[in-house]
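Here is a friendly walk through the model shown below. Have the viewer open as you read, and follow along heading by heading.

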Amino acid sequence: MSGAQAPGVYEGAANVIAAGMLLLEFGMLRQALVRDQVRLYMAQSALISVLAIVIAADRNLPDLYALAALSAALKVVAVPLVLRRLLRRAGLDDEETPGVAGSNTLSPATAVLAGIVLAAFGFFCFGSLGIHGPGAPALALALAAAMVLVSFGLMIVRRDVASQAIGFFSLENAISLASLVVASGLPFILETGFLFDLLVAVVVFGMLIRAHHSRAESLSTADLTKLQG
Amino acid sequence: MIAVILALLIVPLAAAIACAVLPARLAPVITPVSGAVCFALVLALIPAAGHRDLNYLSYLRVDALSEIFLLATGFLYGAVAVYAVGYLKHHDEDRDQQHRDRYARRFYAGLNLFGWAMLAAPIMGSLALLWIAVEITTIVSALLVAIEDTDGAAEAAWKYVLIASAGLGLALLATVFAYFAGSQVLGEHYNLAISPLIEVSKNLPHTPVRLAFMLAVLGYGTKVGFFPVHTWLPDAHSEAPTPVSALLSGALLATSFYAILRYYQVASGNLGSGFPRDTLLAFGVASLLLAALYVFGQRDIKRLLAYSSVEHMGILAIGVSFGAPVALAGVLLHVLAHAAAKGNAFMGAGVFTVKFGTKQISALRGGLDVLPWSGPLFLIAVFALSAMPPSGIFRSEFQIVYGGLGSGNYTAAAVLVAGVTVVFFGLTASATRMLFTPAPARRALAHGELRRGEPSAWMVVPMVAGVAVLLILGLHPPGELTGLIARAVTQLGATR
């Protein structure tokens with residue numbers, strides 16, 4: 001996919017980081033405890049910032065250093081803090097009850113197998129499209145597409161609001177990855193706008209999770225079945 | 001004109017802030033004033049937008065196409081801002097004043113912010129800012145759906161925010177690929193501006209454009225309510241406070257459809273009309289058929305109207321897929337007429353729910369006896385939605401079907417007519433039961449349980465305005481409006 005020549009530093013780094021992020025996505029998919037899912041999300045978000053720094057250095061785009069810092073502040077610090085606080089309030093973040101367990105509708109093995117199918121579908125579909133350019137490694141883009149589908153899978157197979165929210169945030173990470181590899185030159189003001197939007201979305205997700213917990217006294221979505229037809 | 005555009009961005013935002021910080025008793029004054037000013041501002045833009053594209057500060061842009069959607073949102077925001085004053089007078093009447101003030105402050109601030117985001121979206125001259133504006137509409141409206149503090153509202157808000165945000169995630173991917181395509185021709189520092197992208201659309205690489213269009217239809221289509229990503233829509237529409245439901249249905253869905261039309265312009269310039277039109281036709285027909293199936297057997301009046309919205313969004317998509325100038329003119333007229341008709345239908349349904357204290361169709365009886373104004377106005381709105389002449393929707397659907405037949409799309413035009421007819425039966429069956437079945441309302445009237453009369457004149461006046469708009473659009477659309485629509489049709493690249 002990357003041609004006959006060995007990939008350059010930037011392309012190699014982008015591919016390795018993208019593969020690492022996809023593996024972490026699988027980790028979130030199989031991880032039963034929300035607390036550990038948050039940790040995996042932090043690691044995945046940290047990788048995105050590392051990639052932004054690599055691209056900034058390789059392609060001489062100083063804006064991306066600022067973006068990496070902003071992204072780290074938001075996704076590695078702020079979002080996990082909000083999520084951990086929500087879990088603590090829900091009484092699900094101490095040693096005895098370390099997060100929601102067993103909200104998977106599938107067993108971990110089945111969930112991971114389904115994830116592999118989704119990831120392979122996304123990977124090969126995008127790989128065959130042949131979208132690449134001087135600064136857009138096709139392999140990293142195909143891995144981002146695989147991540148998008150696995151994050152959708154995560155939102156579908158989990159039955160608690162916190163995991164579903166984490167699924168959405170990791171979907172956003174997958175899109176950030178795609179954005180960095182094909183649109184790294186996008187003006188800084190627009191990238192900042194996307195991040196600000198994520199921040200507001202996190203706050204709203206948090207408010208709705210709190211509202212749900214105060215009504216249902218759990219984070220489970222099992223009783224969200226009144227509205228049908 | 002820059003002053004008018006900036007005022008459109010400032011007035012509703014300032015109103016939202018004022019409602020949040022000033023005493024609650026001022027909010028019912030500030031909100032209708034903001035609504036009226038915004039409607040006047042979008043009207044003031046018609047002559048200029050009908051003749052040229054207005055580009056300012058490199059990120060603000062109003063052309064004929066965006067002005068059509070601004071008109072729909074501006075009118076409905078103005079109407080709902082007045083309606084909300086009457087609606088809130090009857091909300092939580094049994095609660096203490098402190099609770100009601102807190103609710104009113106949050107509600108009015110959210111309503112104005114929602115109006116601001118929807119007015120901002122068509123003004124954004126960049127696909128990135130357009131995405132941000134649409135995402136803000138989701139965030140604000142999700143909070144407004146949740147504001148009722150009931151189990152149903154919490155469930156609907158969670159489903160809405162999760163599904164719509166995931167959909168908008170795909171729309172963000174579409175934005176990324178649009179940038180990738182644009183940067184191949186316009187250079188690395190391309191800022192996703194809409195005008196240059198459309199201008200160079202012929203030279204863009206095909207695959208990223210095709211991908212961006214598909215992702216945009218699926219992503220923004222989630223907010224439009226296209227089948228199969230419509231599942232949040234009936235829940236959110238039925239559980240939101242009625243003024244918010246009216247805005248969701250009449251303005252928000254159209255605003256998201258506007259985003260799809262921008263990608264359609266780029267895609268049809270690049271790929272030719274075949275692929276974009278076929279895609280929209282598939283989503284449109286599927287949405288129309290789903291709505292035709294689901295309008296029967298609905299027990300909640302607001303859910304019924306929500307499925308009617310899915311139908312009308314399907315009609316818009318089918319109309320664009322026909323591609324003929326007369327069909328595209330019909331689509332744009334339909335956006336305006338649907339805003340007025342669906343706004344009226346929701347506002348009428350809101351009066352029923354305030355009067356009867358329920359949304360269940362089976363409990364809403366004798367409407368014409370109890371509600372001397374809202375009863376007939378609701379009936380007119382339902383007939384208008386069902387494309388009865390002389391409403392604007394009759395004219396717009398007639399144009400769409402005529403355009404479909406003229407461009408040789410006989411099967412799709414036949415499906416459209418059949419689907420609309422089925423929905424007509426579903427809607428009118430429920431509406432006539434609510435209005436003409438005497439029991440138990442007449443019994444209740446006799447026992448003094450339900451008094452004949454309107455809950456509030458504030459709730460009737462905007463519906464009268466809606467009927468006037470429907471009649472104007474149906475009988476004789478003003479020359480400046482038809483000029484505006486003709487220019488927008490040219491921008492959409494109509495072909496026979």
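## Terms and ground rules

A crossing of two helices is left-handed if the near helix is turned anticlockwise from the far one by less than a right angle, and right-handed if clockwise. Helices (H or I, at least four residues) and strands (E, at least two) are DSSP runs, numbered from the N terminus.

This is a predicted model, in which local features need pLDDT of at least 70 and side-chain atom pairs count only at pLDDT 80 or more, while totals for chains, interfaces and linings use all residues. Residues are numbered from 1 along each chain as its sequence is written, and chains are lettered from A and ligands numbered from 1 in the order in which they are written.

## Chain A as a whole

Chain A has 7 helices and 0 strands, giving the pattern α-α-α-α-α-α-α along the sequence. Its radius of gyration (taken over C-alpha atoms) is 18 Å, close to the 17 Å that the globule rule gives for 229 residues, so chain A is as compact as a globular protein of that length. That rule is 2.2 Å times the number of residues to the power 0.38. Along its principal axes, the C-alpha trace of chain A spans about 55 × 40 × 35 Å.

Of the 229 residues in chain A, 50% are buried. A residue is buried if 20 or more other C-beta atoms lie within 10 Å of its own, exposed if 12 or fewer, and partly exposed in between, with C-beta atoms placed from the backbone. Two residues are in contact if their C-beta atoms, placed from the backbone, lie within 7 Å. Among the contacts in chain A with a separation of 6 or more, 73% join residues 24 or more positions apart.

## A helix pair in chain A

Look next at helix α1 (residues 9-30) and helix α4 (residues 108-129) of chain A, which pack at an angle of about 145° with their axes 9 Å apart. Here axes are lines fitted to C-alpha atoms, for helices over the stretch in contact, and angles run from 0 to 180 degrees between N-to-C directions. The crossing of α1(A) past α4(A) is right-handed.

From α1(A), the contact uses Leu22(A), Phe26(A), Leu29(A) and Arg30(A), and from α4(A) it uses Pro108(A), Ala111(A), Val112(A), Gly115(A) and Ala119(A). These residues divide into 7 nonpolar, 1 polar and 1 charged. Ala, Val, Leu, Ile, Met, Phe, Trp, Tyr, Cys and Pro count as nonpolar, Asp, Glu, Lys and Arg as charged, and the others, Gly among them, as polar.

## Where the two chains meet

The contact between the chains takes 35 residues from chain B and 34 residues from chain A. On the chain B side, the elements that give two or more residues are α5 (127-146), α6 (151-186) and α8 (206-224). The largest share, 19 residues, comes from α6(B). That side of chain B divides into 22 nonpolar, 8 polar and 5 charged residues.

## Domains of chain B

The domain assignment (bounds come from an automatic or database assignment) gives chain B domain 1 (1-123), domain 2 (148-271) and domain 3 (273-496). The C-alpha centres of domain 1 and domain 2 of chain B lie 22 Å apart, and their contact takes 19 residues from domain 1 and 15 residues from domain 2. On the domain 1 side, α3(B) gives the most, with 10 residues.

Leu70(B) lies in that helix, α3 of chain B, and counts as buried because it has 29 C-beta neighbours inside 10 Å. Leaving aside its neighbours within four places in sequence, Leu70(B) is in contact with Val42(B), Leu45(B), Leu119(B) and Pro122(B).
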